[in-house]
Amino acid sequence: MRALTWHGRHDVRVDTVPDPEIVNPRDAIIKVTSTAICGSDLHLYDAYIPTLRAGDVLGHEFMGEVVEVGPKSTLKKGQRVVVPFTISCGNCFFCEKQQFSACDNSNPAETSDASETLMGHAMGAAFGYAHLTGGYAGGQAEYVRVPYSDVGPLVIPDGLEDDQVLFLSDILPTGYQGAVNADIEPGDTVAVFGCGPVGLFAIQSAFLLGAHRVIAIDHYPNRLKLAKEKGADILDYREVNVLEALKEMTGGIGPDAVIDCVGMESHGLAIDNVMDTVKAHTFLGTDRPHALRQMIIACRKGGRLSIPGVYGGFVDKFPIGALMEKGLQVKSGQTHMQKWMKPLLEHIQKGEIDTTWFISHRAPLEQAAEMYRHWHDEQNTYTKIVLKPEMAKQPSAAKAPASVSEPA
């Protein structure tokens, strides 16, 4: 089959790799109909996440058709399913508490040692995201083996297009959990840092959960425009002092809650971020948490800080004093996907959440490497890319130049 594989920093390729096979009775094989490039895939593209190996198949946002099942799978051939990016057994201590991303059984013993050494406990497993999380082949491919298929995949009812439900695989539940973790109360002012796909879903979710006002911070004009269209007030951090602006907009108090949708690769020319960038490029540090530092300073006393943004290692110059003295509550973590997928599907069916409006580009899987370059370098224009493995087989797509993708 064809799949996107990692070969080094800024080097991804669509290669021919072995077809997946059933190896466990609970497995299923999915024929991928839609897969997306996630913002956190760029951490792999930039080689900030350790334990990647040449030839690893990337991608953790995907859906498709069931084509083969193991004897203990609850799926049936022909069903359309969305697959969560986390891999969870459903039976361990954490899964029983609905803390599915912390699953204790999905990350095999031979790959869990590294994360246990780094973080104190083994990480849960995920598709297409390095050997820290199990080394499972990802979904930017024609076919995928799905372990624990009786727990993870969500069967999609007839009448819903892929674009309407694809993002149940990651970014919609991630943005929603980010808003839930902010403990939003009616009348709250919520600041969302970062207006990528997760940030845009966090904005929608904050309003859905009762926020009176959402303030969105970014520097890409098109992203800010999309945030404004969803009802947020916007701040371009290149044009204003974000801390001063947030104080002024909240009567000097600060936002009731802040949501970090930026993660480990903050942009900007602030002194601390420049120092972090130098350390990252000289292997003296890992993450660039400038935005997170700002959030801690910006949030009101007694406020809440939610961190759905991905971080991978260690940071310094961290304002722990402000965090403690202000009495901030902090919630973070990978998304407990199975907890949110079905309720969010119901919101989609009722028309309460729209998942299609920010897709900017659709392209064949064969153009995946090119799309990664665009996503990395042109984020103002490329707000979300969906790859369609079957598109290249369509005559119109086959005739299109390699540099052209189908517009949204």
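Helix α10 (residues 290-298) is largely enclosed by the rest of the structure, because 8 of its 9 residues are buried. Here, buried means under 20% relative accessible area, exposed means over 50%, and partly exposed lies in between, with a 1.4 Å probe and protein chains only. The buried residues of α10 are H290, A291, L292, R293, Q294, M295, I296 and A298. Helices (H or I, at least four residues) and strands (E, at least two) are DSSP runs, numbered from the N terminus.

The model is predicted: local features need pLDDT of at least 70, side-chain atom pairs count only at pLDDT 80 or more, and totals for chains, interfaces and linings use all residues. Residues are numbered from 1 along each chain as its sequence is written, and side-chain values use heavy atoms, with hydrogens and water left out.

The protein chain contains 14 helices and 19 strands. Of its 408 residues, 57% count as buried. The accessible surface of the protein chain comes to about 17,100 Å², and carbon and sulfur atoms account for 53% of it; accessible areas come from the Shrake-Rupley method with a 1.4 Å probe, and for residues only the protein chains shown count as cover. Among contacts (heavy atoms within 4.5 Å) between residues at least 6 apart in sequence, 73% join residues at least 24 apart.

Two strands are said to pair if DSSP finds at least two bridges between them. Strand β1 (residues 2-8) pairs with β2 in the antiparallel sense over 6 bridges, and T5 stands opposite R13 in β2.

Strand β5 (residues 61-69) and strand β6 (residues 80-83) are joined by 4 bridges in the antiparallel sense, with E65 opposite R80 in β6. Strand β6 is also joined to strand β10 (residues 154-155), through 2 bridges and again antiparallel; there V81 stands opposite V155 in β10.

At the surface, V315, F318 and I320 form a nonpolar patch with about 240 Å² of accessible area together. Patches are made of residues with over 30% relative accessible area and no salt bridge, like charges being joined within 9 Å and nonpolar side chains (Val, Leu, Ile, Met, Phe, Trp, Tyr) within 5 Å. A salt bridge is a side-chain nitrogen of Lys or Arg within 4 Å of a carboxyl oxygen of Asp or Glu. V315 belongs to the loop between β15 (304-307) and α11 (320-325) and counts as partly exposed at 36% relative accessibility.

D316 lies in the loop between β15 and α11 and is partly exposed, at 31% relative accessibility. D316 and D287 are 29 residues apart in sequence and 9.2 Å apart in space, C-alpha to C-alpha. M119, in helix α3 (residues 109-119), is partly exposed with a relative accessible area of 42%. Between M119 and G312 the separation is 193 residues in sequence and 9.7 Å in space, C-alpha to C-alpha.
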